[in-house]
Amino acid sequence: MSKRIEIKDLNIYYGKFHAVKDVNMVIEPRSVTAFIGSSGCGKSTVLRSLNRMHEVIPGAYCEGSVLLDGVDLYDQAVDPVRVRRHVGMVFQRPNPFPTMSIKENVLAGVRLNKARLTRAEGDEIVEKSLKGANLWNEVKDRLDRPGSGLSGGQQQRLCIARAIAVAPDVLLMDEPCSALDPISTLAIEDLIKELKETYTVVIVTHNMQQAARVSDQTAFFNLKEHGKPGELIEIGSTEKIFHNPDQKATEDYITGRFG
Ligand SMILES: Nc1ncnc2c1ncn2[C@@H]1O[C@H](COP(=O)(O)OP(=O)(O)OP(=O)(O)O)[C@@H](O)[C@H]1O
C-alpha cells in the first residue's frame, strides 16, 4: 500500500502532437501532490500517464518511465490492466454505474479482478470501502438502492469507495470537486487528507485554495506558447510554491496574474 512514484524523462504524445515535455518528479508515499497550471498545459495528460490510461486514446503514447516503488509501469512485461488495479482513478464528474446498486457500485472493480467473492467477503469490502470514503453512515440502510439516487457529493464519495475497494497503492483524482457544491467539496477535501494516511494521492485542481488546503507538494505546469508542449516548471512543498516559488511564472500564476 502507498507507493513512491518516480517519473523520469516523461514525454507524452497524442499522435504527432507532443503534449507534455520532459517531466521529472518524485512523489512520496502517504502524501498528496497537487498538479496546477493553466488550461491545456497537460496536467490531466500527465495524471492519466500514471496509470496507463493515456494510451487508451487511439494514437496516444508516452516515452520515458514511471516507476512505482522502482518498477517501471511502462516495462513491456507489465500488464496495463494490473497497473490500473494498483493505481486507481477518480474523475471530474461522479460516474457511478446508474443502474447498479450502491453496494454493486463499490464492488464493480473488485469483481473484475476477483472471479469468486463470497457474500461475507463482499459485505466486508463494501463496509470498509464506504467507511474509508466517509459515506457509510449516510448509505448503510440503503445499500441495495441505485447509486444514481445519491447527491453529487455522495456519488463522488461512492466513486472514491469504488476506487479504494480494490486496495490500490495510488489514487489519482482529476478535478474531483469541480462538479460539487462547497459543502460536498469540503467533505471530499477532508477525505483526501484522510486517504493520504493509506495511499499516495495525486490531484489535478484549478482551485488554488484547494491545492493549498489539501496538498503537501505542488507541481506547477505551464505552456510557453500555444501549440508547444506543456512543461513542469516547478515542483516543491506546497508551502514553498505558494509563498516563495523559485520561478516568476509560478508566482504570476499563484497570484492570479495569468491563467
Ligand atoms: N484526446 C486528445 N486528443 C488530442 N489532444 C488532446 C487530447 N486530450 C488532450 N489533448 C491536448 O493535450 C494538451 C494537454 O491537455 P490536458 O487536458 O492534459 O491539459 P490540462 O492542463 O489538464 O487542461 P485543463 O486544465 O483544461 O483540464 C492540450 O493541448 C489538449 O488539447
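**Close-up views of a predicted model**

**View 1. Helix H3 meets helix H6.** Helix H3 (residues 102-113) packs against H6 at an angle of about 35°, and their axes lie 7 Å apart. This is a predicted model, in which local features need pLDDT of at least 70, side-chain atom pairs count only at pLDDT 80 or more, and totals for chains, interfaces and linings use all residues. Residues are numbered from 1 along each chain as its sequence is written. Helices (H or I, at least four residues) and strands (E, at least two) are DSSP runs, numbered from the N terminus. Axes are lines fitted to C-alpha atoms, for helices over the stretch in contact, with angles running from 0 to 180 degrees between N-to-C directions. On the H3 side, the meeting residues are Ile102, Asn105, Val106, Leu107, Ala108, Gly109 and Val110, and on the H6 side they are Leu158, Ala161, Arg162 and Ala165. Two residues are in contact if their C-beta atoms, placed from the backbone, lie within 7 Å. The residues of this contact divide into eight nonpolar, two polar and one charged (Ala, Val, Leu, Ile, Met, Phe, Trp, Tyr, Cys and Pro count as nonpolar, Asp, Glu, Lys and Arg as charged, and the others, Gly among them, as polar).

View 2. Follow the ten strands in the order S5-S4-S1-S2-S10-S9-S3-S8-S7-S6, an open sheet with mixed pairing. Strands S5 (71-72) and S6 (87-90) are the edges, each pairing on one side only. Two strands pair if DSSP finds at least two bridges between them. S6 joins strand S7 (residues 170-174) in the parallel sense over four bridges, and Val90 has Met173 in S7 as its bridge partner. Helix H6 (residues 152-165) lies across S6 and S7, running at about 170° to S6.

View 3. Look for Ser215 in the loop between helix H8 (208-214) and strand S9 (217-223). Ser215 is buried because 26 other C-beta atoms lie within 10 Å (buried means 20 or more such atoms within 10 Å, exposed 12 or fewer, and partly exposed in between). Not counting residues up to four places away in sequence, Ser215 touches Val32, Thr33, Ala34, Ile203 and Thr238.

**View 4. The shell around the ligand.** Tyr14, Ser39, Lys43, Ser44 and Thr45 come nearest among the 13 residues around the ligand (a residue is near if its C-beta atom, placed from the backbone, lies within 6 Å). Strand S2 (17-27) and helix H1 (43-49) are the elements giving two or more residues to this shell. H1 supplies the largest share, three residues.
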